Amino acid sequence: MHKILISSCLLGTPVRYDGTGQQLLHPQIMAWQQQKLIVSFCPEVAGGLPTPRDPAEISNDKVITNTGDDVTTEFKLGARKALQLCQQHNIRFALLKESSPSCGRNTIYDGSHSGRKITGMGLTASLLEKNGIKVFSEQQMPALVQALA
Ligand code: SF4
């Protein structure tokens with residue numbers, strides 16, 4: 001069986017910008033845990049950002065916090081580390097948290113820090129997909145399970 005990279009926050013680890021996790025309770029996750037197939041990763045923490053941290057959004061190819069700090073370098077580093085980890089473990093599939101500026105698969109916030117979402121991908125999701133790793137959000141569990149079968 002293939003290993004799967006999963007956003008740490010979806011496993012309940014409190015690494016989100018606000019210091020919380022957002023555990024995805026799904027029987028398949030428990031089965032993967034028992035089979036030791038899960039590699040947990042948070043690109044923003046791996047990129048050197050603290051928890052909690054200011055929320056950030058993608059704007060014109062940069063990642064900017066709600067207080068105006070440019071954290072593009074940290075986000076890009078986290079994305080590169082995610083790719084390296086996938087390559088080390090020969091990971092072909094990832095389950096990443098929707099709408100995050102790192103992990104978002106289908107939507108991201110629009111950069112205005114006003115809560116509006118647009119179609120788009122986070123930096124890590126985008127880099128993984130560009131390198132042949134299939135990324136699914138937590139809203140696409142059936143498709144991920146099918147792809148792995
Ligand atoms: Fe979760 Fe990804 Fe945000 Fe880390 S960067 S808290 S793994 S959504």
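Me: Which helix and which strand each supply at least two residues of the lining of the largest pocket?
Reply: Helix H2 (43-46) and strand S3 do; helices (H or I, at least four residues) and strands (E, at least two) are DSSP runs, numbered from the N terminus. Keep in mind that this is a predicted model: local features need pLDDT of at least 70 and side-chain atom pairs pLDDT 80 or more, while totals for chains, interfaces and linings use all residues. Numbering starts from 1 along each chain as its sequence is written, and side-chain values use heavy atoms, without hydrogens or water.

Me: OK, what volume does that largest pocket have?
Reply: About 580 Å³, taken as the space filled by probe spheres set on grid points joined across faces, edges and corners. On the 1 Å grid over protein atoms alone, a pocket is an open set with protein on both sides within 12 Å along at least five of seven lines, a cavity is where a 1.4 Å probe fits but cannot get out, and lining residues have an atom within 4 Å of a point.

Me: How many residues line the largest pocket, and which lie nearest its centre?
Reply: The lining has 32 residues, and Arg16, Tyr17, Ser99, Ser100 and Pro101 lie nearest the centre.

Me: And how does that lining divide into nonpolar, polar and charged?
Reply: For the largest pocket, 15 residues are nonpolar, eight polar and nine charged. Asp, Glu, Lys and Arg are the charged class, Ala, Val, Leu, Ile, Met, Phe, Trp, Tyr, Cys and Pro the nonpolar one, and the others, Gly among them, are polar.

Me: Where does the ligand sit?
Reply: In the largest pocket, going by more than half of its atoms lying within 2 Å of the grid points.

Me: Which residues are closest to the ligand?
Reply: Cys9, Cys42, Glu44, Lys97 and Cys103 are the closest of the 14 residues that surround the ligand (a heavy atom within 4 Å). By class, that shell has six nonpolar, four polar and four charged residues.

Me: Which element gives the most to the cavity lining?
Reply: S3, with three residues. The lining as a whole has five nonpolar, two polar and one charged residues.

Me: What about Lys36, what's its phi?
Reply: Positive, about 55°, although Lys36 is not a glycine. Lys36 is in the loop between helix H1 (27-34) and strand S2 (38-41).

Me: Why does Lys36 count as exposed?
Reply: Because its relative accessible area is 67%; the cut-offs are under 20% for buried, over 50% for exposed and in between for partly exposed (1.4 Å probe, protein chains only). Asn60 also has a positive phi, about 50°, without being a glycine. Asn60 sits in the loop between S3 and strand S4 (62-65), and it is exposed at 73%.

Me: Which residue takes a positive phi just after H4?
Reply: Gly132, at about 85°. In helix H4 (residues 123-130) itself, the buried residues are Leu123, Thr124, Ala125, Ser126 and Leu128.

Me: And Ser137, buried or exposed?
Reply: Ser137 counts as buried because its relative accessibility is 0%. Ser137 is part of strand S8 (residues 134-137).

Me: What does the Ser137 side chain make a polar contact with?
Reply: The side chain of Glu98, at 3.4 Å. The Ser137 side chain also reaches the backbone nitrogen of Gln139 at 3.0 Å. A polar contact here is an N or O pair within 3.5 Å; within protein, one atom must be able to donate a hydrogen and the other to accept it, and residues adjacent in sequence count only if both atoms are side-chain atoms.

Me: Last one: what separates the C-alpha atoms of Lys3 and Val39?
Reply: A distance of 7.0 Å, with the two residues 36 apart along the chain. Lys3 lies in the segment before strand S1 (4-7) and is partly exposed at 30%. For Gln33 and Leu11, 22 residues apart, the C-alpha separation is 9.9 Å. Gln33 belongs to helix H1 and is partly exposed, at 41%.
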